[in-house]
Amino acid sequence: MKSILLIAAMSLAAFAPVQSANPKHEFRGAWLHTVHQGQYAKMTTAETKNYLEDQLDKLKAAGCNAVVFQVRPSADALYDSELEPWSRFLTGTAGKAPEPYWDPLEFMVEQSHARGMELHAWLNPYRVTSSNNEKLAPDHIYHKHPERFVKYDGKLYFDPGLPENREFIERVVEDIISRYDVDAIHMDDYFYPYPVKGKDFPDSKSYAEYGNGMDRGDWRRQNVNLLIEGLHETIAATKPWVRLGISPFGIWRNKSSDPKGSDTNGLQNYDELYADVLLWTEKGWVDYMLPQLYWTLEKKVASSEKLAYWWNDNANGRHMYIGQSIGATMDTPDLAPSKNPTQLDHKIRLSRELPNIQGNCWWPGYMITSNYKGIADSLAVNQQSTVALVPSYPWIDSVAPDEVSGLRAEGRVIKWQAPETDDVMQQARAYVVYCFGKDEETDLENASSIVCVTYSPEYVIPDDKDGEYRYVVTVLDRANNESKEGKSVVVEL
């Protein structure tokens, strides 16, 4: 019996959270992809809205603070666009507007912010079709300028070597950020397409015109570099507080190809996808890098543990988050001597121990909302049990905003006013509400004292929260800088 009790205690210890290790500042994202997601086209407008609200509720309950929502899966739009047609993944037919009309991106921004979560608009830059024999909408830009596209492995792509294509993608991004209150523009790993054995990407025509004698690989990388630099400049000129994030394939280069590379033996961003992702952080063109480390901790050709250390060492002063595969994480036992049946806690602890890693993003988010193998329960109770603030971006702005004014309690509702300022960067983006006992010391670094992040200047105290408490409210500006001390009000219920 003593042996059984000892084993049970050891098992519980493997799952036991260390609450103090749950940081106050951490990116906790989830990808919600729309490409090849057939559920949306089968639902009515009302059903789709209810479905997405349910997804957001479940992500928030699991402790997530950012949603990466795919709004341009294949040179199309899950938003009202004059540049590209409505996505077939929304309505079932390319170019067909939803009936009754609604705008999914506008809705997701509104609903994410209503839950205190960021919304990152996820775009695929070059992909036009994602399957063979796909029918494009009649007003698609391909029909107006077919010479700007190439076919590879039966699929259509913008030719990255053409300046007019880069300019068009920049216009798409400028259109989104000028009309929607998104927190970031996000692009994933699909730059030049993943190579197909025996087939080279058919860009001989554009290479002949613009290659200028460069090595073709260098020229292709330069094409992608110009796009990323152009997006950075477009965003900075339109809304400088909107971030640009990239989620590349998990390997920059293998050590066998470059001494700076990782101890891996897999496909390489630099050589196969022509994405020199390290250059983009070195140049300051992107605000966060989110490598897809979708492997197990011990995988031979690409250990996610080794890669986490490598990306930590190559953050180049920009935010670094880890893209985590829920399947690989929850299907694989932890490394010995741990008895944990999953690698979830190990991977999160690793990300928190590395000084240049500021969070994680979960792929796919739908596996959190379906609570695959209990991941949502574990995140909610253990690893993401306290509210976390998305880290600040000091290279965008490092000045703390002013405090709220007029803080007061009206019954169970706490209200306040945003600080007045003419500086757009110091405007209140959101607020953090803390709760302390009446005589408890104020410790704004204690994440367990945060009750919510809200984009509205009020907080409703839950019905089951009675007694005498002191609430402190701080301001988050557009770069996620927090006001220094916070204003407080005592509430007795």
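Buried means under 20% relative accessible area, exposed means over 50%, and partly exposed lies in between. Keep that cut-off at hand during the tour. The model on screen is predicted.

**Stop 1: the whole chain**

Start with everything shown. The protein has 16 helices and 18 strands. Its C-alpha atoms fill a box of roughly 75 × 60 × 45 Å along the principal axes. Of the 493 residues, 56% count as buried.

**Stop 2**

Next come the charged pairs. Side chains of opposite charge can pair when their charged atoms come close. The count of salt bridges in this protein comes to 31.

Select Arg115 and Asp57. They form a salt bridge, with the closest N and O atoms 2.7 Å apart. This pair links distant parts of the chain, 58 residues apart. Arg115 sits in the loop between helix H5 (104-114) and strand S3 (118-123). Asp57 belongs to helix H3 (residues 45-61).

Is Arg115 buried or exposed? Its relative accessibility is 11%, so Arg115 counts as buried, because buried means under 20%. Asp57 has 41% and therefore counts as partly exposed.

**Stop 3: Arg72 and Glu84**

Move to Arg72 and Glu84. The closest N and O atoms of this salt bridge are 2.6 Å apart. Arg72 lies in strand S2 (residues 66-72), and Glu84 in the loop between S2 and helix H4 (88-91), so the pair ties together parts that are 12 residues apart in sequence. Now check the cover on each side. Arg72 has 0% relative accessibility and counts as buried. Glu84 is buried too, with a relative accessible area of 4%.

**Stop 4: Arg243 and Glu118**

Now select Arg243 and Glu118. Their side chains meet in a salt bridge, 2.9 Å from N to O. How many residues apart in sequence are the parts that this pair ties together? They are 125 residues apart, with Arg243 in strand S7 (residues 243-246) and Glu118 in strand S3. Both Arg243 and Glu118 are buried.

**Stop 5: a network**

Select four residues together: Asp200, Asp203, Arg216 and Arg220. Salt bridges link them in a network.

**Stop 6: a negative patch**

Which residues form a negative surface patch here? Select Glu147, Glu164, Glu167 and Glu209 to see the patch. Then pick out Glu164, which is placed in helix H7 (residues 163-179). Glu164 is partly exposed, with a relative accessible area of 31%.

**Stop 7**

Go back inside. Select Cys361 in strand S11 (residues 359-363). Cys361 is buried, at 0% relative accessible area. Cys361 and Pro291 are 9.6 Å apart in space and 70 residues apart in sequence.

Last, return to strand S2 and select Val68. With 0% relative accessibility, Val68 counts as buried. From C-alpha to C-alpha, Val68 and Asp377 are 21 Å apart, and 309 residues separate them in sequence.

Note on methods
Residues numbered from 1 in each chain as written. Predicted model: local features only at pLDDT ≥ 70, side-chain atom pairs only at ≥ 80, totals over all residues. Heavy atoms only, no water. Patch = residues over 30% accessible without salt bridge, like charges linked within 9 Å, V, L, I, M, F, W, Y side chains within 5 Å. Areas by Shrake-Rupley, 256 points an atom, 1.4 Å probe, with all protein chains shown as cover. Lys, Arg positive; Asp, Glu negative; His and termini not counted. Charge placed at Lys NZ, Arg CZ, Asp CG, Glu CD. Helix = DSSP H or I, 4+ residues; strand = E, 2+ residues; numbered from the N terminus. Buried < 20%, exposed > 50% of the residue type's maximum accessible area, 1.4 Å probe, protein only.
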